[in-house]
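Biologist: I would like a close look at one part of this protein. Please take me through it in short steps.

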Amino acid sequence: MRETVYYSGSAEFFDTHAHIYDRKYTDCSTVEDILRRCRASGVTSVLIPADSEETSRAAVDMANKYDGCEGIALYASVGVHPHEAKDYTPDTEAYLRSALEAGKTQKIMALGEIGLDYYYDLSERSVQREVFGKQLELAYEYDVPFILHERDATGDCLDILRSFYKAGKLRSLPGVCHCCSCSLEASQELIKMGFYIGFDGPLTFKNNKKTPEVARNTPWDRIVIETDSPYLTPEPNRGLINEPCHVAYVCAKLAEIKGVTIDEAAQITYDNGKILYGVK
Ligand SMILES: [Zn+2]
């Protein structure tokens, strides 16, 4: 049975990563339903990330069409995920450039998801690295934060980021390591380079010892919370379709780990989300 969080405090949550255009929702929920449940759970801001040109367009359309619906502020990112790196063409890059040019006027706050995924290997690794590098150049050129997706590719990912860092091509706050699954050591290096660390459902999973340890060692000013909806549903709803309204479970777990109240954790992560994505 679905146990929906109806958070009753006064704090507001920022789900900094939710793919609410996903096809998984089309049979069961409208965007209005999702946003209504956000409102009932204290979620007042949501960033909709992209993973391909198609979903970039969907994210931007949705953020513009539904911004303010149920009182929820919506934002978008554009970018090509490592899974889709094989489909990155000059036309894709031209689209990304035009989107980044429009930027905040179209509610486009960031580039992403970009990065490396050697777990699924859906694009050849050399192609993933090349497309990651091209998009890092775009983030530098357009001076936008980026959303990093990294899975089982920490070594190569850090190598590439280090080279951009040393060349002075990373902003002082370059972006967020979304759904952080790397080691404590790697997370510390990312934090030194200026990254935020994004925590979501896996933080609440009972068998996960690594992520709480990373959270414990991440300074407050670098933490954001996210759901990665429709995936990675937090406990106790694991197995169901995820929605931004569940971000309160992530926040509650974070508060428990850090020894603060959920309201304090919500406030800090909300403010961090705004700084990360340059939201006024
Ligand atoms: Zn995602």
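Which residues touch the most other members of the largest nonpolar core?

Modeller: First, the ground rules. This is a predicted model, where local features need pLDDT of at least 70, side-chain atom pairs count only at pLDDT 80 or more, and totals for chains, interfaces and linings use all residues. Residues are numbered from 1 along each chain as its sequence is written.

Now the core. Val46, Ile48, Ile197 and Cys251 touch the most other members, out of 75 residues. A nonpolar core is a set of buried Ala, Val, Leu, Ile, Met, Phe, Trp, Tyr and Cys residues joined through C-beta atoms within 7 Å. Buried means that 20 or more other C-beta atoms, placed from the backbone, lie within 10 Å of the residue's own. Buried residues make up 48% of the 280 residues in the chain.

Take Ile48. Leaving aside neighbours within four places in sequence, its contacts include Ala18, Ile20, Tyr21, Met62, Leu74 and Ala76. Contact means C-beta atoms, placed from the backbone, within 7 Å.

Next, Cys251. In helix H8, Cys251, Ala252, Leu254, Ala255 and Lys258 meet Ile262, Glu264, Ala265, Ala266 and Thr269 in H9. Helices here are DSSP runs (H or I, at least four residues), numbered from the N terminus. H8 covers residues 247–258 and H9 residues 262–277; they pack at about 110°, with axes 8 Å apart. That makes H8 roughly perpendicular to H9, a label for angles of 65 to 115 degrees. Axes are lines fitted to C-alpha atoms over the stretch in contact, and angles run from 0 to 180 degrees between N-to-C directions.

Key: Helices (H or I, at least four residues) and strands (E, at least two) are DSSP runs, numbered from the N terminus. Angles under 35 degrees count as roughly parallel, over 145 as roughly antiparallel, 65 to 115 as roughly perpendicular and the rest as oblique. Two residues are in contact if their C-beta atoms, placed from the backbone, lie within 7 Å. A residue is buried if 20 or more other C-beta atoms lie within 10 Å of its own, exposed if 12 or fewer, and partly exposed in between; C-beta atoms are placed from the backbone.
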